[in-house]
Amino acid sequence: MLALSRKKNEALVVANNIEITILDIKGDQVKLGISAPKDVPIYRKEVYLQIQAANKAAMEPEGLEALKGLL
């Protein structure tokens, strides 16, 4: 893991097309601004993990049967 120190209004660039800017710092909270192409999905980690779990559950045999029932 790369750990960087940034101050308010400073930014970093990822993969030449994603810019992450520190918008505000209050106590132990940091507000980030993310500029990325529209085809790049951006999720909070807890939401991303929920999506992954739902996708995995849908691939279980009983999940596949439920999907077939919808078609």
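This tour moves through a predicted model, from a hairpin to a surface patch and then to a pair of aromatic rings.

Begin by selecting strand 1 (residues 11-14) together with strand 2 (residues 18-26), which run antiparallel and are joined by 4 bridges. Within this pairing, pick out L12 and then look across to strand 2, where I20 is its bridge partner. Next, follow the chain from strand 1 into strand 2: the two form a hairpin with 3 residues between them, and in that turn A15 has a positive phi of about 55 degrees.

Which strand gives the most to the nonpolar patch? Strand 3 (residues 29-35) does, with 3 residues. Keep V30, which is found in strand 3, highlighted for a moment: its relative accessibility is 48%, and V30 therefore counts as partly exposed, because that class lies between the 20% limit for buried and the 50% limit for exposed.

For the last stop, select Y43 and Y48, which form an aromatic pair with 6.4 Å from centre to centre and 35 degrees between the planes. The pair is classed as tilted, because planes under 30 degrees apart would count as stacked and those over 60 as edge-to-face. The count for the model comes to 1 aromatic pair.

How values were computed: Residues numbered from 1 in each chain as written. Predicted model: local features only at pLDDT ≥ 70, side-chain atom pairs only at ≥ 80, totals over all residues. Heavy atoms only, no water. Buried < 20%, exposed > 50% of the residue type's maximum accessible area, 1.4 Å probe, protein only. Phe/Tyr/Trp six-rings, centres within 6.5 Å; stacked < 30°, edge-to-face > 60°. Pairing = 2+ DSSP bridges.
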